[in-house]
Amino acid sequence: MNTARMTMFYSITILVGIAGILPYCYSQKCCTVDEWTADMFLDYGLVAIDSNQGSPKTAYSYINGTVKATYDYTNRRCYLKLQGAEVSPLLPVPSMPFDTTIINDYKKGIQYNIGPDGSCMKSTINNMTKQCIPDNAELTSEGSLVMDWNIVKNFRYTITDDITTDVDATISQITSPPSCNPVHMVYFVGSMESGSGSLINLDVMNVVPYSIDPSVFNVPPQCKNATTMVKRNSMLDRLFMLNIFI
């Protein structure tokens, strides 16, 4: 694998990140349907302040791109096609484009990260979680979009893991089947270092329920012998496993 490809992979999976830290949704306000496809726009910004005076005091990373996603909770798998660019002084060039395919196979506990050149990396993942707005989320606003029946709601809630994350979730409420689609997600992610943190914006469009192409989950043969790595559980990593509601 070339140096640029390795740099991009580690920048996404270690420096920065649709598995879940919420339990299976025994208590929730609404959930997505079990199978859907969508188009997404992703914006990710990170600022890291290093308190070690012997190192650069501040570093940043900004990622902008598009995502084509397929979510299949029924068969415990999901697929993402990401295309975009990253800007960071940590990269060897001012702006590095990326084009990668991610296939998450939760039954095997493996994520496949496939580059445009066909190169493949594998990493471990945890169990798949059904995507739901948690019951303790605060409803901050409610209205309709275009038609009265198209109910849109905004929720805010906080996730406490190793790092605290504040989530602002705008969803479209669906009556048949009873469910909700993500529309606009904002994640404010804290840091162990004072003044550091990240902000992620995810816009979700063209959500189509129960219409997936199973061929997107075909794993290329070159992935069979790829070395399996232990995956970090960053916020962007969680999104790359389609944990949109986290």
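**Exercise 1. State how many aromatic pairs the structure holds, and work out how Trp36 and Tyr71 are arranged.**

The structure holds 2 aromatic pairs, where rings of Phe, Tyr and Trp (its six-membered ring) pair if their centres lie within 6.5 Å, with planes under 30 degrees apart counted as stacked, over 60 as edge-to-face and the rest as tilted. Trp36 and Tyr71 form a stacked pair, at 5.1 Å centre to centre and with 20 degrees between the planes. This pair links distant parts of the chain, since Trp36 belongs to strand 2 and Tyr71 to strand 3 (residues 58-72), 35 residues apart; strands here are DSSP runs of E with at least two residues, numbered from the N terminus.

The model is a predicted one, in which local features need pLDDT of at least 70 and side-chain atom pairs count only at pLDDT 80 or more, while totals for chains, interfaces and linings use all residues. Residues are numbered from 1 along each chain as its sequence is written, and side-chain values use heavy atoms, with hydrogens and water left out.

**Exercise 2. Describe the pairing of strand 7 with strand 6 and with strand 14, and explain why strand 7 is largely enclosed.**

Strand 6 (residues 110-114) and strand 7 run antiparallel and are joined by 5 bridges, two strands being paired if DSSP finds at least two bridges between them. Within this pairing, Asn113 has Met121 in strand 7 as its bridge partner. The two strands form a hairpin with 5 residues between them, and Gly118 in the turn has a positive phi of about 90 degrees. Strand 7 and strand 14 run parallel and are joined by 2 bridges, with Lys122 standing opposite Thr228 in strand 14. Strand 7 (residues 120-124) is largely enclosed by the rest of the structure because 4 of its 5 residues are buried.

**Exercise 3. Characterise the backbone of Asn206 and Tyr210, and the surroundings of Glu86.**

Most residues other than glycine have a negative phi. Asn206, although not a glycine, has a positive phi of about 55 degrees; this residue lies in strand 13 (residues 197-209) and is exposed, with a relative accessible area of 55%. Tyr210, also not a glycine, has a positive phi of about 50 degrees and is found in the loop between strand 13 and strand 14 (228-229). Glu86, in strand 4 (residues 77-87), counts as buried at 0% relative accessibility. The side chain of Glu86 makes a polar contact with the side chain of Ser61 at 2.5 Å, such a contact being a pair of N or O atoms within 3.5 Å, of which, within protein, one must be able to donate a hydrogen and the other to accept it, and residues adjacent in sequence count only if both atoms are side-chain atoms.

Technical notes:
Buried means under 20% relative accessible area, exposed over 50%, partly exposed in between (1.4 Å probe, protein chains only).
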